[in-house]
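Please have the model open while reading. The text starts with the sheet and then turns to side-chain pairs and the backbone.

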Amino acid sequence: MTLFEKIAAREIPADILAEGTDWIAFRDIAPQAPVHFLVVPKRCIPRVGEIGAHDTQLLGNLLVAAASTARQEGLAVDGYRIVINNGPNGGETVPHLHLHVLGGRPMNWPPG
Ligand code: AMP
C-alpha cells in the first residue's frame with residue numbers, strides 16, 4: 001500500500017478535511033502555504049503521466065473535490081493554486097497521484 005492508501009484506510013493518521021467515494025482530502029504534513037491540503041484518489045494511480053481514458057470520471061471528481069474543499073477552507077474569494085507534480089523533475093515524492101491545493105497567500109509565477 002502507498003502512504004496515501006494507508007491514510008485513506010486510517011492506518012496512518014492525517015487531518016482529513018473531506019472524503020468522497022473515490023477520493024480523500026487531508027492537510028499536507030509540511031504546509032507550504034497557510035492552507036495546504038492534498039486531494040488523493042483512493043485507488044492508486046502512481047502519477048498523472050499514467051492516467052488513461054478510463055480515469056476520466058475519477059479525475060473530474062478530484063477537481064470537483066479540490067474546489068469544494070477549497071470553498072470549505074475559505075479560499076474561494078481570494079483564490080488558490082492547484083498543483084500536480086509528475087515524476088522526478090516535477091518534484092513528485094509520493095508515487096500516488098495527488099493534487100496540492102495551496103491558498104491563504106499570493107502565489108508566485110513561474111514556480112521555482
Ligand atoms: P509531492 O512532492 O508532490 O509528491 O507531494 C507529496 C506531499 O505529501 C508533500 O507535500 C508532503 O509534505 C506530503 N506528505 C508526506 N507525508 C504526509 C503525511 N503523512 N500526511 C500528509 N501529507 C504528507
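Predicted model: local features only at pLDDT ≥ 70, side-chain atom pairs only at ≥ 80, totals over all residues.

Residues are numbered from 1 along each chain as its sequence is written, and side-chain values use heavy atoms, with hydrogens and water left out.

Five strands form an open sheet in the order 1-2-3-5-4, with antiparallel pairing. Strand 1 (16-19) and strand 4 (80-83) are at the edges with a single partner strand each, so one side of each has no neighbour in the sheet. On average, neighbouring strands of this sheet are turned by 20° against each other, direction ignored. Helices (H or I, at least four residues) and strands (E, at least two) are DSSP runs, numbered from the N terminus; two strands pair if DSSP finds at least two bridges between them. Strand 4 and strand 5 (residues 99-103) run antiparallel and are joined by four bridges. Isoleucine 82 has valine 101 in strand 5 as its bridge partner.

Helix 2 (residues 56-72) packs on this sheet and touches strand 1, strand 2 (23-27), strand 3 (35-41), strand 4 and strand 5. Contact here means heavy atoms within 4.5 Å. The direction of helix 2 makes about 155° with that of strand 3; axes are lines fitted to C-alpha atoms, for helices over the stretch in contact, and angles run from 0 to 180 degrees between N-to-C directions.

Leu63, Tyr80 and Ile82 make a nonpolar surface patch of about 250 Å². Patches are made of residues with over 30% relative accessible area and no salt bridge, like charges being joined within 9 Å and nonpolar side chains (Val, Leu, Ile, Met, Phe, Trp, Tyr) within 5 Å. Areas come from the Shrake-Rupley method with a 1.4 Å probe, and for residues only the protein chains shown count as cover. Tyrosine 80 lies in strand 4 and is partly exposed at 33% relative accessibility (buried means under 20%, exposed over 50%, partly exposed in between, with a 1.4 Å probe and protein chains only).

How many salt bridges does a search of the whole structure find? It finds seven, each a side-chain nitrogen of Lys or Arg within 4 Å of a carboxyl oxygen of Asp or Glu. One of them joins glutamate 19 and lysine 42 at 2.8 Å, N to O. Glutamate 19 is in strand 1 and lysine 42 in the loop between strand 3 and helix 2, so this pair ties together parts 23 residues apart in sequence. Arginine 43 forms a salt bridge with aspartate 55, with the closest N and O atoms 2.9 Å apart. Aspartate 55 is buried at 1% relative accessibility, whereas arginine 43 is partly exposed at 44%. Glutamate 92 and arginine 47 meet at 3.0 Å, N to O. This pair links distant parts of the chain, with glutamate 92 in the loop between helix 3 (87-90) and strand 5 and arginine 47 in the loop between strand 3 and helix 2, 45 residues apart. Salt bridges that share partners also join Arg10, Glu19 and Lys42 into one network.

Arginine 10 lies in the loop between helix 1 (3-8) and strand 1. Its phi is near 65°, a positive value in a residue other than glycine. In the segment after strand 5 lies proline 110, joined to tryptophan 109 by a cis peptide bond with omega about 0°.
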